[in-house]
Structure formats: C-alpha cells, structure tokens
Amino acid sequence: MEDDVGLSASFRCAAAGMSAWIEATVTQSHAPWITVTGLDGSGKTTLLRALSQELGGLQFRLPHHRFVREFLGLSGGGSAFGDVHTDRLLFATDARLTNSLIREWRQIHPLLLSQRGWMDNFIFGAVQGVGYQDTDRLLRPSELERPSAIIYLIAEPQVAFSRIAMDRYADKYETPDFIAEQHRETVRFYESVNSSLPVLAPFAGIPAICIDTTMKTTQTVLRQARAFLTRTLPNATSA
C-alpha cells in the first residue's frame with residue numbers, strides 16, 4: 001500500500017473543525033469519548049488498539065452485551081435481511097442499556113475509546129432498508145451520551161472484505177454485498193451530518209474525520225487519526 005495517499009475526492013471526507021464546541025467540551029467534568037467506526041475490514045480494531053496503547057483510557061466496543069450476537073444468529077435465521085425489525089430492536093436495546101454504563105465510565109475514567117457508536121444504528125439500518133427517521137424514533141440518540149470525537153474509516157469494499165474474509169468469527173453482515181452497501185451508507189451518513197440533515201441533529205457539531213484506508217499503511221492511518229485528535233481534543237491527547 002502506498003503511504004500518505006490523499007482521500008478520494010468522491011468520498012468528500014474532511015475533518016470537521018468545531019473549535020468553539022471543542023473548547024467547551026474539554027472543560028466538561030466527564031471524560032472525553034472517542035469513537036472509531038466504519039466499514040468491516042477498514043481497520044477499526046487495529047486503529048483502536050494503537051490509540052488505546054498511546055492514550056490509555058477505557059476501551060470497549062458496541063454492541064456491548066453478549067445477548068446481541070447470540071440473538072442475531074436466531075433473528076431471521078441468521079440472514080442479514082431475514083428479520084430486520086428484530087435486528088434493529090436488538091441493537092437499539094443494547095445501545096440504550098450501554099448508555100448507562102458509558103455515563104458511569106465517563107465519571108471514573110480519564111478517557112473512553114469505543115469501536116463503533118450510535119451512528120452505526122443509522123448506517124446498518126439504512127443498509128437493511130430502515131430510514132433515518134425510523135432509526136431515530138427507535139434509538140432516540142438525543143437522549144444518549146454524546147461522543148467527543150468520531151473517526152470514520154472506509155475502504156474500497158473488495159479490499160475491505162479481503163481483509164476479513166478468513167475471519168472465523170464473522171457475523172452475518174460480513175459479506176461482500178453487505179460491505180459494499182455499508183460503504184455507501186457510511187459515506188452518506190457522514191455527508192448528511194455535515195450538511196445538517198435535521199434528523200441527524202444529535203450528531204451535529206461533533207468533531208469528525210473520515211479516512212479512506214484503502215491505500216494507506218496502518219502507521220499512516222494512525223498518524224492521521226492522531227493529528228486529528230490532537231487538534232480537536234488537545235487535553236485528552238497530551239499524555
């Protein structure tokens with residue numbers, strides 16, 4: 001992979017500069033929460049592990065509770081489109097239950113880092129044919145804890161799938177077709193937040209960056225993510 005390749009213009013992914021909001025955020029009493037989200041196979045686990053090693057803090061992933069994976073296998077007979085309603089209920093239930101834990105964690109840890117966040121409910125729902133309005137009514141993100149910064153990772157779908165094709169713990173969503181739609185919906189969600197789509201107001205103003213990892217080394221991705229966090233959350237990354 002080539003090093004330091006710029007983001008594809010078609011993705012229109014740029015860092016969201018929100019200096020006034022950042023200044024208020026770092027003075028709040030609760031810990032910053034950094035979310036790394038994006039395509040399966042885009043490098044979320046690798047980046048999150050590297051950031052955790054550098055910054056410390058509490059690392060976790062969403063969905064958080066074991067019941068989600070267990071019952072996703074039953075929902076729709078293990079098909080990604082077999083029972084969309086049950087899938088969405090499972091993810092929303094996990095999110096709202098985990099929210100109470102996140103609220104507690106932000107009081108006792110200096111920093112939180114998560115793999116995936118509330119936005120994934122909208123992205124995965126859209127792939128399954130569920131509109132933003134329906135996801136908003138089910139999840140109610142305006143009532144949930146607000147991330148301090150979001151890093152979206154994307155990659156060319158075939159490249160992303162090739163990175164996880166041999167994963168023996170793959171779930172029912174880790175297929176070439178699903179990842180191709182996941183790519184499209186991740187970019188659409190990112191751009192919709194930036195264009196101030198009203199239904200996505202709970203995500204407005206959160207500093208965010210979208211990184212295309214297709215032609216980047218893991219070290220390049222880490223440097224770009226670290227630079228973004230240093231600009232947006234200087235207090236959290238000063239260690």
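Let's start with Arg116, which sits in the loop between strand 3 (112–115) and helix 5. Keep in mind that this is a predicted model.

**Backbone features to look for**

- Most residues other than glycine have a negative phi, and most peptide bonds are trans.
- Arg116 has a positive phi of about 80 degrees, although this residue is not a glycine.
- The peptide bond that runs from Leu62 to Pro63 is cis, and its omega is near -5 degrees.
- To find Pro63, look in the loop between strand 2 (58–61) and helix 3.

**The largest pocket**

- Arg116 turns up again here: together with Arg61, Arg69, Asp171 and Glu174, Arg116 lies nearest the centre of the largest pocket, which has 37 lining residues.
- The space in the largest pocket comes to about 850 Å³.
- Sorted by class, its lining holds 14 charged, twelve nonpolar and eleven polar residues.

**The second largest pocket**

- The second largest pocket has a volume of about 170 Å³.
- Its lining is made of 14 residues, and those closest to the centre are Gly43, Thr46, Thr217, Thr218 and Val221.
- Helix 2 and helix 9 (218–232) are the elements that give two or more residues to this lining.
- Helix 9 gives the most, with four residues.
- By class, the lining of the second largest pocket has seven polar, five nonpolar and two charged residues.

**How helix 7 meets helix 8**

- Helix 7 packs against helix 8 (residues 176–194) at an angle of about 130 degrees, and their axes are 9 Å apart.
- The crossing of helix 7 past helix 8 is right-handed.
- On the helix 7 side, the contact is made by Pro157, Ala160, Phe161 and Ile164.
- On the helix 8 side, Pro176, Ile179, Ala180 and His183 take part.
- Seven of the residues in this contact are nonpolar and one is polar, with no charged residue among them.

Key: Residues are numbered from 1 along each chain as its sequence is written. This is a predicted model: local features need pLDDT of at least 70, side-chain atom pairs count only at pLDDT 80 or more; totals for chains, interfaces and linings use all residues. Side-chain values use heavy atoms; hydrogens and water are left out. On a 1 Å grid over the protein atoms alone, a cavity is a set of points where a 1.4 Å probe fits but cannot get out, and a pocket is an open set with protein on both sides within 12 Å along at least five of seven lines; lining residues have an atom within 4 Å of a point. Grid points are joined across faces, edges and corners, and a volume is the space filled by probe spheres set on the points. Ala, Val, Leu, Ile, Met, Phe, Trp, Tyr, Cys and Pro count as nonpolar, Asp, Glu, Lys and Arg as charged, and the others, Gly among them, as polar. Axes are lines fitted to C-alpha atoms, for helices over the stretch in contact, and angles run from 0 to 180 degrees between N-to-C directions. A crossing is left-handed if the near helix is turned anticlockwise from the far one by less than a right angle, and right-handed if clockwise. Contact means heavy atoms within 4.5 Å.
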